[in-house]
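Trainee: I would like to learn how to read a sheet, a core and the confidence values in a model. Could we start with a sheet?

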Amino acid sequence: MAESLIEQLPKIVAEGKKEVEKILERLSGPNKLTLQTNEYVLPSKDKSGLFRGEVKELNEKEWHNRLIYGDNLLVMQALLAGDLETGLPSMRGKIDLICIDPPFDSKADYRTKITLPGTTIEQKPTVLEQFAYSDTWKDGTVSYLQMIYPRLVLMRELLSSQGSLYVHLDWHVGHYVKILLDDIFGKDNFLNNVVWCYQTRQFSKKYWNRKHDDILLYSKNTDQHIFNWEAEGVLQPYAEATIKKFKLKDEIGYYRLCGRGISGSPIQSAKDVDPEWEKTHPELVVRNYIGKGFAPHDYWLIDIVNQVANERTDYNTQKPEAVLEKMVKASSNKDSIVADFFMGSGTTGAVAEKLGRRWIMSDIGKPAIMISRKRLIDMESKPFIYQSIGDYQKEAFTSSRMFRRVGDLANVVLNLYGALPFPDDQNPNRNLGYIKNSRTLVMVDSPSKLTGYATLKRAQELRESFLGGWGKVIVLGWNFAFDIATVIKNLNDDKLEVLVIPPDLLDKLKSKSSYQSLLKSGKIRFSSLQYITIKKPVVNNHSADIEEITIELDNYVLLSPDALPLDEANKEKLQDIIANDPLALIEYWSVDPDYDGTTFRSKWQDYRENTENDADPFRVVKQIKILAPKVKGKRKICVKAVDVFGFESVVVEEVK
């Protein structure tokens with residue numbers, strides 16, 4: 001007989017504690033996880049086509065809010081470890097408030113609809129989202145609780161001594177998660193089960209209609225936690241009818257006279273009050289001041305984000321800003337850091353920004369990243385850093401039961417590509433092979449590395465020298481350096497080809513039988529890299545110390561539709577767009593007119609749905625003019641583009 005969920009809970013907790021112990025041990029080791037800075041965003045969306053770029057350098061000693069793409073288990077490890085090279089100290093004990101809204105509906109379908117000129121494409125969750133989703137629910141609620149336990153422990157590590165955690169859940173898993181939270185935080189640190197009530201069109205004739213969610217509130221330390229109960233928006237406002245009863249006023253505020261319950265007082269109700277009684281019988285009268293409001297309660301009547309709300313982002317699980325405002329106002333101060341590791345549409349960061357708090361947000365979904373970045377730019381937020389964890393394949397390889405060495409994995413990749421591996425005595429790293437009846441060498445890069453300039457130079461050298469030389473070399477990579485497209489362009493080598501190993505390959509290689517099945521099917525596809533091209537920038541004098549730079553998008557080449565999470569009908573739609581209007585696939589592009597070769601400083605941005613520059617909500621502008629201070633010698637211009645699927649590409653051009 002199968003064990004019940006209650007019987008399995010002790011095992012879930014024990015396994016979670018072991019996992020956390022390993023994670024915390026790794027933080028002090030040499031191979032700790034770090035965050036990769038992709039972009040320093042100075043929000044300045046295009047409005048007129050002509051923009052004077054703000055000259056502001058990234059000061060790593062200053063605090064910068066952070067938008068992070070990645071699995072939050074890895075993100076929190078990186079935050080706990082810190083990285084002095086990128087200006088990030090350890091965040092252990094530094095965060096005053098964490099608000100999370102983890103997924104809690106096992107039957108949800110998080111498909112993303114992408115509206116393009118003349119058509120709509122429906123995208124399944126990305127490969128990484130599918131990994132996370134399938135792992136979360138493969139064994140139902142048990143898998144969910146196994147996923148959430150170590151994450152909740154790491155959140156407790158990040159919280160300050162005055163910090164609090166809000167966990168938004170519903171009837172699916174809320175009661176089980178509370179048991180885990182009691183174990184992690186201690187039952188005495190449980191403060192509230194807030195009930196958020198709302199209106200929906202849901203209707204059932206079989207049970208009471210579900211019109212509320214639960215928000216569990218825990219503190220790190222009940223004696224020290226922040227709770228600003230008198231803050232505006234936290235105190236419960238009085239009804240208008242109540243306020244009208246307070247007609248008298250002094251230097252303190254509005255009041256009414258109260259005598260009920262006082263021996264000898266004739267006052268029976270507020271309507272009986274006679275101000276003269278206070279003068280003649282002060283001992284029988286009490287002044288009752290109205291104040292700002294009454295103590296906040298643990299049920300919130302806040303409607304969901306409706307179809308025409310100004311704050312609506314069309315993200316499936318978007319929460320009203322009013323809900324987050326209550327949390328942020330009550331449980332953080334002006335100098336507090338607020339975090340959300342299941343950020344969705346970015347409501348937590350948007351609210352924290354408006355209320356003058358510092359913030360950190362992360363999500364594993366690329367749609368969440370794109371929507372949140374646009375939302376922050378739209379509201380003209382303070383400059384923030386966009387970062388990522390680039391070690392998914394490394395982590396997947398580390399946890400793989402099938403592969404003990406990188407060379408074993410490389411050998412499998414060679415076979416799946418259709419190459420014959422060289423014997424081990426000629427190929428000690430086991431990452432080189434060749435195409436039969438062809439002078440083509442194939443090299444597989446490590447999942448622990450970013451394929452970049454050094455790898456490609458090594459491939460060229462092997463092509464010329466390995467076993468007498470080869471006519472062509474193909475490099476198969478997992479992760480790629482930020483500037484890989486520019487590196488390939490500058491090498492200008494038609495005998496060098498770079499292809500992408502399917503990012504879900506490690507997930508498919510669970511056993512030898514699954515490998516044999518993939519080998520026989522021949523369905524593993526290795527795609528070309530996506531890249532953006534621009535026309536040669538034109539630089540003209542604007543004034544004695546200012547130059548006008550014209551930058552125009554030229555073309556966008558997307559990797560094969562077969563590599564995207566689309567069904568056949570949507571692949572056909574995409575193929576038409578690729579053939580006829582490829583730049584329509586650009587979701588967001590930004591420019592650094594003074595690129596230093598290290599940190600991309602986004603000083604200008606445009607994105608789809610920004611109609612302040614033109615009337616087309618489905619396309620970005622293709623040409624812009626930027627005013628920037630003159631520089632000595634050559635100017636290095638960097639353009640970054642993100643397509644509607646979340647893939648990033650970069651191009652760098654030097655101009656005099």
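Mentor: Strands of a sheet pair through backbone hydrogen bonds, in a parallel or an antiparallel sense. In this predicted model, β10, β11 and β12 form an open sheet of 3 strands in the order β10-β11-β12, with antiparallel pairing.

Trainee: Which strands are the edge strands?

Mentor: β10 (248-249) and β12 (286-289), each of which pairs on one side only.

Trainee: Over how many bridges do β10 and β11 pair?

Mentor: The antiparallel pairing of β10 with β11 (residues 254-258) runs over 2 bridges. Within it, L248 is opposite Y255 of β11.

Trainee: Now the core. Which residues touch the most other members of the largest nonpolar core?

Mentor: In soluble globular proteins, nonpolar side chains tend to be buried together. Here the largest nonpolar core has 52 residues, and L79, I98, L152, L165 and F341 touch the most other members. Elements that each supply at least two residues include α1 (5-27), β7 (159-169) and β14 (337-340). The largest share, 11 residues, comes from α4. As for L165, its contacts beyond four places in sequence include I98, L152, F185 and Y218. Another core, of 36 residues, lies apart from the largest one; W300, V328, M343 and V642 are among its members.

Trainee: What is the mean pLDDT of the chain?

Mentor: The mean is 84, and 85% of the residues reach 70 or more. Over residues 48-53 the pLDDT is below 50, and this stretch has 15 contacts in the model beyond near neighbours in sequence. Residues 391-397 are also below 50, with 25 such contacts. Where pLDDT is low, the predicted coordinates should not be read in detail.

Terms used. Residues numbered from 1 in each chain as written. Predicted model: local features only at pLDDT ≥ 70, side-chain atom pairs only at ≥ 80, totals over all residues. Heavy atoms only, no water. pLDDT = per-residue confidence, 0-100. Contact = heavy atoms within 4.5 Å. Pairing = 2+ DSSP bridges. Helix = DSSP H or I, 4+ residues; strand = E, 2+ residues; numbered from the N terminus. Core = buried A, V, L, I, M, F, W, Y, C linked by side-chain atoms within 4.5 Å. Buried < 20%, exposed > 50% of the residue type's maximum accessible area, 1.4 Å probe, protein only.
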